[in-house]
There are 2 protein chains.
Amino acid sequence: MIQRLALIGLGLIGGSLSLALKQRGLVGEVVGYSRQLQTRLRARELGIIDRPVDSVAEAVAGADVVFVATPVQAMAGVFRDMAEALAPNALITDGGSVKGAVVAAAKAALSTAQFAQFVPGHPIAGTERSGPDAAFAELFENHRIILTPMPENAADQVRRAEDLWRSVGAQVECMDVAHHDHILAATSHLPHVAAFSLVSALSRLEERYEVFRYAAGGFRDFSRIASSDPAMWRDICLTNRDELLPMLDHYLAELQQMRGLIDHRDGAGIEQMFSGAKAVRDALYRPVEPKTSAAEPASE
Amino acid sequence: MIQRLALIGLGLIGGSLSLALKQRGLVGEVVGYSRQLQTRLRARELGIIDRPVDSVAEAVAGADVVFVATPVQAMAGVFRDMAEALAPNALITDGGSVKGAVVAAAKAALSTAQFAQFVPGHPIAGTERSGPDAAFAELFENHRIILTPMPENAADQVRRAEDLWRSVGAQVECMDVAHHDHILAATSHLPHVAAFSLVSALSRLEERYEVFRYAAGGFRDFSRIASSDPAMWRDICLTNRDELLPMLDHYLAELQQMRGLIDHRDGAGIEQMFSGAKAVRDALYRPVEPKTSAAEPASE
């Protein structure tokens, strides 16, 4: 049971964690801060927070759990602002999609003792929607949350972070900070860059109005993640740059190889590549049933 | 009312057209051919065809409507095989995703009179599933079907093709053959190549098992079209090569630009590009409701 939760960042991730805890009666008071006054007011209206405050310091004062769910680049300032007001035994955790940069920011801003209270985390859940209105209590149920504990963390702090996420239905896994950033660059960051870039490329075509007119379900699914929050994804690209660039180069090389096969009319080569991709993808996700497909058909 | 429909190719598209006509009582007999005996037998079992036959010529003999729904590269042979047996006033149409190559194949194989009976078409509907088991009667309802009539077509043949598709609930639009291939390269063919290539690139990583383990909903949606039929998409790449290659280059240039922005840590440039893509994508598709998102959450 959490006495007082300090929520810094009141969007999809922060809002959903609060709603999930409240729904289960696992939290006393939720005190919330976000940069925009209107977001704070809206979050209170939606029942995400009980009490809006005007600063990070006010939010964390007296809180036994602090959850930081702002875009990653804003976290350095958040850690600086909380350092003075933090309670001695508070658990600090976050929901950032990049971990190396967040850990570095926390280390720079917090005292040694405070840094040991910070257990970095990344829930592998979300939608392309953002802001407090996008939050819902079921978001984390049966989804993975990756914690990246550090040598500085006390074992009981790590356990508190694990319990927090398990209490809202998530499956907790632990991995190394650097490894997290490498794997997520492939799994999540590269696909987002690929989707944003595809929609951007098509929108630059002179014939864009017609192109989008004939876009069907396949394009809708492919491009869904291009509706994600631009500021959040800007920060992910900037803070995970060193892992993302080689992954992007790997994708560019694959596209160039594909280009060569098409250019040389190498039907066998093309089919081999497509078959390989299909086999992997089919193994990951069972095909949807025809009736579901009827509701959301793909383009051809 | 169609007396006898000849169905060449018994997969998702051909099978669905037959089921849609049968459900509405708009067809007498459906005679079907596909290369594999097992596919013919399965199509009869599923009620897609009434009578399986052993050749294209047998299928088209006495048919008043012929629908060709094989992969695009197989269509040249299909047209050659039907030329001898075609009824004088039969409507011939097809469901190929590329139109220029199909028109050229028909022109080479058919007599002048027969060629005038061929009204090329492309239903903008489908799923990532393939084969007769993927077919369902509702596939075309409220979906676009693009016809690309030619100067050689008699007006009443074009009208018959329009009526055929409208009778199964599709919205008919007409455009020029070359224009179709250009627009669809952007709308459909490029996204498929991008998705196949992304899954292929990730599957070549040494850490692929872990990468796919942490792939969440965003990746699932992005990669869904990479579960499409490899032979069908090989044929599309080969037959629409001249439109696809410049479109792929356009995408590669966009990715390179994106790469440069990330490399130079140009946060404003990245955000501008992401915001532009999001604005276009949001305008195309209203965001899904939170409850739907809960069922299919995206990765972050």
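First, the conventions. The model is predicted, so local features need pLDDT of at least 70 and side-chain atom pairs count only at pLDDT 80 or more, while totals for chains, interfaces and linings use all residues. Residues are numbered from 1 along each chain as its sequence is written, chains are lettered from A and ligands numbered from 1 in the order in which they are written, and side-chain values use heavy atoms, with hydrogens and water left out.

Helices (H or I, at least four residues) and strands (E, at least two) are DSSP runs numbered from the N terminus, and two strands pair if DSSP finds at least two bridges between them. Chain A has an open sheet of six strands, order 3-2-1-4-5-6, with parallel pairing. Its edge strands are strand 3 (51-52) and strand 6 (118-119) of chain A. Strand 4 (residues 65-68) and strand 5 (residues 91-94) of chain A pair over four bridges in the parallel sense; A:Val65 has A:Leu91 as its bridge partner in strand 5 of chain A.

Next, helix packing. Axes are lines fitted to C-alpha atoms, for helices over the stretch in contact, with angles from 0 to 180 degrees between N-to-C directions; contact means heavy atoms within 4.5 Å. Within chain A, the axes of helix 8 (residues 177-203) and helix 12 (residues 241-263) come within 9 Å and cross at roughly 50°. That makes helix 8 of chain A oblique to helix 12 of chain A (under 35 degrees is roughly parallel, over 145 roughly antiparallel, 65 to 115 roughly perpendicular, the rest oblique). Residues in this contact include A:His189 of helix 8 and A:Tyr251 of helix 12 of chain A.

What does helix 12 of chain A pack against at about 125°? Helix 8 (residues 177-203) of chain B, with the axes 9 Å apart. A:Tyr251 is among the contact residues here, as are B:Val193 and B:Ala194.
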